[in-house]
Amino acid sequence: MTSNYDVVVVGAGIQGVGVAQAAAASGYSVLVLEKRAVAWATSSRSSKLIHGGLRYLESAQFRLVRESLRERALLLRNAPDLVRLVPFHIPVYRHTKRRPWQLRVGLSLYALLGGLDASARFRMLPRSQWRELDGLDTNGLQAVFRYYDAQTDDARLTAAVLRSAQNLGAQLACPAEFRAALWERDAWTIRYHHAERDHECRGRALVNAAGPWVNDVLKHVVPVQPPLAVDLIQGAHVVLPGKLERGIYYVEAPQDRRAVFLMPWPEGVLVGTTESPFHGDPSKVEPLPSEIAYLAETAQRYFPAIATQPTSAFAGLRVLPQHAAGVFHRPRDTHIAGSERTAPGLLTVCGGKLTGYRATADKVMARLAARLPAHTPRAQTEHLKLSAPN
Ligand SMILES: Cc1cc2nc3c(=O)[nH]c(=O)nc-3n(C[C@H](O)[C@H](O)[C@H](O)COP(=O)(O)OP(=O)(O)OC[C@H]3O[C@@H](n4cnc5c(N)ncnc54)[C@H](O)[C@@H]3O)c2cc1C
């Protein structure tokens, strides 16, 4: 017997489970297909920050920053076990590209976009406090700014959002690999492989949230869909032995002046990230030796006493729109693509931020509304509490 769903979602990364939560909260029946494990891909390999993205102000992505800061506020309220405010420090040296006045302007704008609440405050630390900063190099140091953003465990957050979706009735099939979709008789017939056999279900809407595999999914959709014009950009992190007691440090890599974070993490100091073009099988993404060296050198430049032999390292893939601008300046909004004319009820969601998953899911549901029957909503996602799975 073929099961019928309102919404079938491919991928249980943060975007897929976010859509599942929003769809279930709106009263729809939902099936999520995940081929490996919940959050095993990009959604467990991020920098684990719930933030507005201070640096996106440089590329004038004000709408994205404002939306992300609003989502940060909701997550701080709804998921206090999973998302917590952390002090961030930006040291400014004689050689630093961004001058103190620029940071003051940027942080003021960031506070304004964050609604000027208590978490939006920033200040310049007096010199007398510099020596308390986890061994930060004070040679040539001119100023240290402290502001606040939030940190999470990305995989646990994803699992918590999925649990919330399941509490509202969403179903998960895992491991279950999407194989094909065919538009017929006003719905999608979807084939997937699960528990060693092929299955079929029907969905009024199909959401492709397959992360770095979104174009692989599109290849198996009839009517034939053009691939999205996106690039995969690898980002690596290393964990160095040691401990940061005072919070997160936001520094400029000496090699190319890109922003790099050093973050406290249960296993040590998490340092990231890099931006390297990626061509190949997304399931095989690994940190490159040059990325590991770049991150370790950056950490040692600012914390001379830090040990530079990583205890672990990991890499994930950003899905970014193809763009003439360098990687650093490409838009970081979530890409929601689909054509009602050629593929009714099919949307592809990729890129964007972990932070904005809920706002993205709302936009997806708004675009699918005309395709789905009227239902009584069960909840509003902005009020749903999220709790950490054990
Ligand atoms: C290096 C790096 C650092 C980042 N740091 C931050 C940060 O600090 N803060 C922030 O807000 N954002 C950050 N991001 C962005 C954020 O991590 C991503 O936007 C987000 O995790 C993407 O989630 P996703 O659900 O789209 O993709 P994924 O997490 O990759 O999930 C896609 C899922 O689809 C599944 N799938 C694929 N094909 C199939 C199929 N055929 N059948 C069934 N399932 C399938 C995969 O197994 C996978 O689980 C970072 C990203 C990177 C790469």
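I started with the handedness of a helix pair: α1 passes α7 in a right-handed crossing. A crossing is left-handed if the near helix is turned anticlockwise from the far one by less than a right angle, and right-handed if clockwise. The model is a predicted one, so local features need pLDDT of at least 70 and side-chain atom pairs count only at pLDDT 80 or more, while totals for chains, interfaces and linings use all residues. Residue numbers run from 1 along each chain as its sequence is written. Helices (H or I, at least four residues) and strands (E, at least two) are DSSP runs, numbered from the N terminus.

Next I looked up the geometry of that pair. α1 and α7 (residues 357–368) pack at about 55 degrees, and their axes are 8 Å apart. Axes here are lines fitted to C-alpha atoms, for helices over the stretch in contact, and angles run from 0 to 180 degrees between N-to-C directions. α1 and α7 are therefore oblique to each other; under 35 degrees counts as roughly parallel, over 145 as roughly antiparallel, 65 to 115 as roughly perpendicular, and the rest as oblique.

Who touches whom? On the α1 side I listed Ile14, Gln15, Gly18, Val19, Gln21, Ala22 and Ala23, and they meet Tyr357, Arg358, Thr360, Ala361, Asp362, Val364 and Met365 in α7. Contact means that the C-beta atoms of two residues, placed from the backbone, lie within 7 Å. By class, this contact has 8 nonpolar, 4 polar and 2 charged residues. Ala, Val, Leu, Ile, Met, Phe, Trp, Tyr, Cys and Pro count as nonpolar, Asp, Glu, Lys and Arg as charged, and the others, Gly among them, as polar.

I then checked α1 against α4 (residues 154–167): the angle is about 25 degrees, with the axes 8 Å apart. α1 and α4 are therefore roughly parallel, and their crossing is left-handed. Ile14, Val17, Gly18, Ala20, Gln21 and Ala24 of α1 make the contact with Thr158, Val161, Leu162, Ser164 and Ala165 of α4. I get 7 nonpolar, 4 polar and no charged residues there.

On to the ligand. Which of the 37 residues around the ligand come nearest? I found Gly11, Gly13, Ser47, Gly211 and Gly235; a residue is near a molecule if its C-beta atom, placed from the backbone, lies within 6 Å of it. α1 (14–25), β8 (176–184) and β17 (312–321) each give two or more residues to the shell. The shell splits into 16 nonpolar, 14 polar and 7 charged residues.

For the domains, I have domain 1 (3–42 + 155–229 + 332–383) and domain 2 (85–149 + 231–322), with bounds from an automatic or database domain assignment. Both give residues to the shell, so the ligand lies between them. Their centres, taken over C-alpha atoms, are 33 Å apart. I noted 9 residues of domain 1 in contact with 9 of domain 2. The domain 1 side of that contact has 5 nonpolar, 4 polar and no charged residues.

Most residues other than glycine have a negative phi, and most peptide bonds are trans.

- Valine 222 to proline 223 is a cis peptide bond, omega near 5 degrees; proline 223 sits in the loop between β11 (221–222) and β12 (230–240).
- Glycine 272 to threonine 273 is also cis, omega near 10 degrees, and threonine 273 is in the loop between β15 (268–272) and β16 (276–278).
- Alanine 195 has a positive phi of about 50 degrees, in the loop between β9 (187–194) and β10 (197–208).
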